[in-house]
Amino acid sequence: MTKSMTGYGKAEGVVSDRKFTVEMKSVNHRFLEISLRMPQILFSLEAEIKRRMGERFSRGKIDVSIRADGNGAAESATRLALNLPLVRNYCVLLKQLQEELNITEEISLSAVTGLRDVFIPVEAVEEAADLWGGFSPILDEAMNNLSAMREKEGASLMLDLRNRLEIISGFLEGIAVRAPEVVLDYQKRLSERIRELTAGAELDESRLLQEVAIMAEKSDITEELVRFRSHIEQFSELLTGGDAAGRKIDFLLQEMGREVNTIGSKSGDVGIARLVVEIKSELAKLREQAQNIE
């Protein structure tokens, strides 16, 4: 199924008394680029999160925002722990200060607890790995929602791409019909021109046919037409395939552009040139749409 690179996914869940909210927004990009914004407690999981997303998506710029809030219970949201190493250091320094300045006042509990970072949030001392088991299903749900939207966008893209391929096929068949007529027209024009220049003298038919044959060989576009039709078939197959097809479609569009340029330069016919312009116009629209395919 064709997937777009544009989408949005969101999921929420509660893990260890915290409500995690995961939001993902993706846009088109040549490669896969994942940007993460998340609370400090999940920093050690950054590589694991990116690895799991890399298994799911192959292209696109994905911005991921992860928030961790209380689940409605204020007690759990504000739970703190004592930073004992820092408190011991504070006490040593305060006693040193007493001795240096001959201060007789006792060091009180209120004086110590008023110092900075004596109490720290519980999350700072929890193991992030313990959260992974509960957090990973939330991440998976957000990826599922993002993927579902990318598939929906991709379905719309596929319809448009198919319509344009049909239009191009029509122009291509027009060229195939016109190509043999180009040789006959050349033969007719060449005969008339020779008669004009020779004042009605009898033509050397064998020589004339030889010139026409040379011209027909130079302007033969059969190979280009066959390859172009093959590219269209491959393009259609990629649209219904299950794998990410964006890069392959980019390559096919380059090849189709190369073939149509060759057709235009070899034919030298006004009618074919007009059809070539129409095909190039449709290829440009295809190329623009293909930039959104994963």
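Helix axes here are lines fitted to C-alpha atoms, over the stretch in contact, and angles run from 0 to 180 degrees between N-to-C directions. Helices (H or I, at least four residues) and strands (E, at least two) are DSSP runs, numbered from the N terminus.

Some ground rules. This is a predicted model: local features need pLDDT of at least 70, side-chain atom pairs count only at pLDDT 80 or more, and totals for chains, interfaces and linings use all residues. Residues are numbered from 1 along each chain as its sequence is written, and side-chain values use heavy atoms, with hydrogens and water left out.

Let me start with helix packing. Take helix H7, residues 222–240, and helix H8, residues 246–267. They pack at an angle of about 160°, and their axes are 10 Å apart. H7 and H8 are therefore roughly antiparallel. The cut-offs for that wording: under 35 degrees is roughly parallel, over 145 roughly antiparallel, 65 to 115 roughly perpendicular, and the rest oblique. The crossing of H7 and H8 is left-handed. Left-handed means that the near helix is turned anticlockwise from the far one by less than a right angle; clockwise would be right-handed.

Who makes the contact? Contact means heavy atoms within 4.5 Å. From H7, the residues include Leu225, Phe228, Ile232, Phe235 and Leu239. From H8, they include Ile249, Leu252, Met256, Val260 and Ile263. Charged residues take part too, among them Glu224 and Arg227 of H7, and Lys248 and Glu255 of H8. The contact of H7 with H8 divides into 12 nonpolar, 3 polar and 6 charged residues. For the classes, Ala, Val, Leu, Ile, Met, Phe, Trp, Tyr, Cys and Pro are nonpolar, Asp, Glu, Lys and Arg are charged, and the others, Gly among them, are polar.

Next, H8 against helix H9, residues 270–290. Their axes come within 10 Å and cross at roughly 170°. That makes H8 roughly antiparallel to H9. The H8 and H9 crossing is left-handed. On the H8 side, the contact includes Ile249, Leu253, Gly257, Val260 and Gly264. On the H9 side, look for Ile272, Val276, Ile279, Leu283 and Leu286, among others. The contact of H8 with H9 divides into 11 nonpolar, 4 polar and 3 charged residues.

Now the aromatics. How many aromatic pairs does a search of the whole structure find? The search finds 2. Phe20 and Phe135 form one that is edge-to-face, at 5.4 Å centre to centre with 70° between the planes. The pair links distant parts of the chain: Phe20 is in strand S2, residues 18–27, Phe135 is in helix H5, and 115 residues separate them. The cut-offs: rings of Phe, Tyr and Trp (its six-membered ring) pair if their centres lie within 6.5 Å, with planes under 30 degrees apart stacked, over 60 edge-to-face, and the rest tilted.

Buried means under 20% relative accessible area, exposed over 50%, and partly exposed in between (1.4 Å probe, protein chains only).

Trp132 and Phe135 also pair. Their ring centres are 6.2 Å apart and their planes sit at 45°, so this pair is tilted. The two residues are 3 apart in helix H5, about one helical turn. Trp132 is buried, at 15% relative accessibility. Phe20, Trp132 and Phe135 form one aromatic cluster.

Staying on H5, which spans residues 128–198, we find Val183. Val183 touches Val212 and Ala216, leaving aside residues up to four places away in sequence. Arg227 is 44 residues from Val183 in sequence, and 21 Å away in space, C-alpha to C-alpha.

On to strand S3, residues 32–37, and Glu33 within it. Glu33 is partly exposed, at 31% relative accessibility. Beyond residues up to four places away in sequence, Glu33 touches Gly60, Lys61 and Ile62. Glu33 and Lys61 are 28 residues apart in sequence, yet 4.7 Å apart in space, C-alpha to C-alpha.

Last, the backbone. Most residues other than glycine have a negative phi. Asn102 is not a glycine, and has a positive phi of about 55°. Asn102 lies in the loop between helix H3 (84–101) and helix H4 (109–113). Asn102 is exposed, with a relative accessible area of 66%. Asp117, also not a glycine, has a positive phi of about 65°. Asp117 sits in the loop between H4 and strand S6 (119–121). Asp117 is partly exposed, at 43% relative accessibility.
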